[in-house]
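Please consider the sequence and the structure before reading on.

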Protein chains: 2
Amino acid sequence: MARKKEYREEEVIDKAMRLFWRNGYERTSMQMLEKEMGINKFSIYSSFGSKRGVFLESLNCYQSKVAAMFEKFKKASNGVEDIKQFFYDSVAICAEEGNEKGCLLTNTYNEFSESDDPEIKTQVKSFMDNLKLLFLEKLRIGSNKEDSLLLKQANFLVIAKHGLAAASRVNSREEIEDYIEMTFSSI
Amino acid sequence: MARKKEYREEEVIDKAMRLFWRNGYERTSMQMLEKEMGINKFSIYSSFGSKRGVFLESLNCYQSKVAAMFEKFKKASNGVEDIKQFFYDSVAICAEEGNEKGCLLTNTYNEFSESDDPEIKTQVKSFMDNLKLLFLEKLRIGSNKEDSLLLKQANFLVIAKHGLAAASRVNSREEIEDYIEMTFSSI
DNA sequence: ATTATTTCTAAACGATTGTTTAGATTTAGT
DNA sequence: ACTAAATCTAAACAATCGTTTAGAAATAAT
């Protein structure tokens, strides 16, 4: 009994996510969001409530974007080799976007680490913790080493993941791939 | 023939640097700077010209803060072992501050990567390039390997440094130190 | 003590931030 | 065709941003 929306929320939130990814939360203004999402402020607010609402939805969008990669990772069963492939897939996703930013969630954790927004911090932290657990499980499959060493390797690889996120914005894809090779030649 | 300043610029810029380190550039307001530096806006502007001026001086302050560590690194002569020690010193500096942030310059590179402020980006980039050259030189001292492999290892270690910066904000000091041990056990 | 010069306080600046509102426009049901 | 409900445009909102300015307070030289 009323007019129809001229945009699909999943489409505009994907554009918002890319904008936040490039610029971070604070440097992204509503004006930029209007332009990038192709709709105006009223529509943004009626769909997502606030700028923060758009950002939270963007984080979900990012997670669903990498979800397929996570599923593939979870289902694979070659242990450490899966983690290596996971890193390659991560690099591919960043390169596909053409951006030189690290992981959106890692960047978000950094930007919000001193703020008092527990919801955002919790979402990011749980994402990282899940990843850490996944890594640990993979190591159990692919190795016969004792647990304490496994834990250390898991930490090592999780940190390597952060390093990948940070380094991918200052190094070429080739260098990152060299890095992956060297990392895994030591395990 | 006139009144004396009631603050020393080196002292207030050190406080500003710590504030920028914790919060990043965009989330740090003049109001916060006034409070943290202990002087008011007029004094800030007469001493540093602008918020950006305070930030540029803060970056210099950060560099001079780690300069001693760099000098020690440059003068040492145990090759790869020096790099390892350099990483330990880096961790110590962060822990000393009590913050859980990565390297200020790495964070700055991330925050400004999409902005059009070439001066800041150039300063950060040259810092990283210098570090990379230093690493390469250290590898030459401590190793007899051929050049292409040396270059790869240098990249690897520089990326490890970025990883350290990124990971130090989500991992404990003990985990970071485990990470350093594992990194160097593979070289 | 007066003057000149600088730093201080504190208020105000215009611009931009995120957010809201009023009214025109469009659609669907009666 | 008319009405009701939702989306659109576009202007305005208060708050905050970085920045500037006017005037009081303080110092050093004359």
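Q: What share of the contacts in chain A with a separation of 6 or more is accounted for by residues 24 or more positions apart?
A: This is a predicted model. Among the contacts in chain A with a separation of 6 or more, residues 24 or more positions apart account for 63%.

Q: How many helices does chain A have?
A: From the N terminus on, the elements of chain A run α-α-α-α-α-α-α-α-α. Chain A has 0 strands, and its number of helices is 9.

Q: What percentage of the residues of chain A count as buried?
A: A residue is buried if 20 or more other C-beta atoms lie within 10 Å of its own. Of the 187 residues of chain A, the proportion that count as buried is 36%.

Q: Which element of chain A has the lowest mean pLDDT?
A: Chain A averages a pLDDT of 83, and 79% of its residues score at least 70. Among the elements of chain A, α2(A) has the highest mean pLDDT, 96. The lowest, 62, belongs to helix α8 (residues 147-167) of chain A.

Q: What ipTM does the predictor give the complex?
A: The predictor gives the complex a pTM of 0.88. Its ipTM for the complex is 0.86.

Q: Which element gives the most to the surface near DNA strand C?
A: DNA strand C is surrounded by 24 residues, the closest being R3(A), S29(A), K51(A), A2(B) and F42(B). At least two residues each come from α2 (30-37), α3 (41-48) and α4 (51-75) of chain A and from α3 (41-48) of chain B. By class, this surface has 9 nonpolar, 6 polar and 9 charged residues. With 4 residues, the element that gives the most to the surface near DNA strand C is α3(B).

Q: Which element gives the most to the surface near DNA strand D?
A: The closest of the 24 residues that surround DNA strand D are A2(A), E6(A), F42(A), S29(B) and K51(B). Two or more residues are given by α3 of chain A and by α2 (30-37), α3 and α4 (51-65) of chain B. The classes on this surface are 9 nonpolar, 6 polar and 9 charged residues. The element that gives the most to the surface near DNA strand D, with 4 residues, is α3(A).

Q: Which element supplies the largest share of the side of domain 1 of chain A that touches domain 2 of chain A?
A: Chain A is divided into domain 1 (7-65) and domain 2 (76-187), and 9 residues of domain 1 are in contact with 10 residues of domain 2. On the domain 1 side, α1 (9-23) and α4 of chain A give two or more residues. That side divides into 5 nonpolar, 2 polar and 2 charged residues. Its largest share, 4 residues, comes from α4(A).

Q: Why is R173(A) classed as partly exposed?
A: R173(A) lies in helix α9 (residues 173-185) of chain A and touches V91(A) and A95(A), not counting residues up to four places away in sequence. R173(A) and E100(A) are 73 residues apart in sequence and 9.5 Å apart in space, C-alpha to C-alpha. R173(A) is partly exposed because the number of other C-beta atoms within 10 Å is 13.

Q: How far does helix α8 (residues 118-142) of chain B reach from its first C-alpha to its last?
A: In α8(B), the buried residues are V124(B), F127(B), F135(B), K138(B) and L139(B). The helix has 25 residues, and 36 Å is expected at 1.5 Å a residue. Close to that expectation, the reach of α8(B) from its first C-alpha to its last is 36 Å.

Definitions and conventions: Residues numbered from 1 in each chain as written. Chains lettered and ligands numbered in written order. Predicted model: local features only at pLDDT ≥ 70, side-chain atom pairs only at ≥ 80, totals over all residues. Near = placed C-beta within 6 Å. Nonpolar A, V, L, I, M, F, W, Y, C, P; charged D, E, K, R; others polar. Buried ≥ 20, exposed ≤ 12 C-beta atoms within 10 Å, placed from the backbone. Contact = placed C-beta atoms within 7 Å. Expected span 1.5 Å × (residues − 1). Domains from an automatic or database assignment. pLDDT = per-residue confidence, 0-100.
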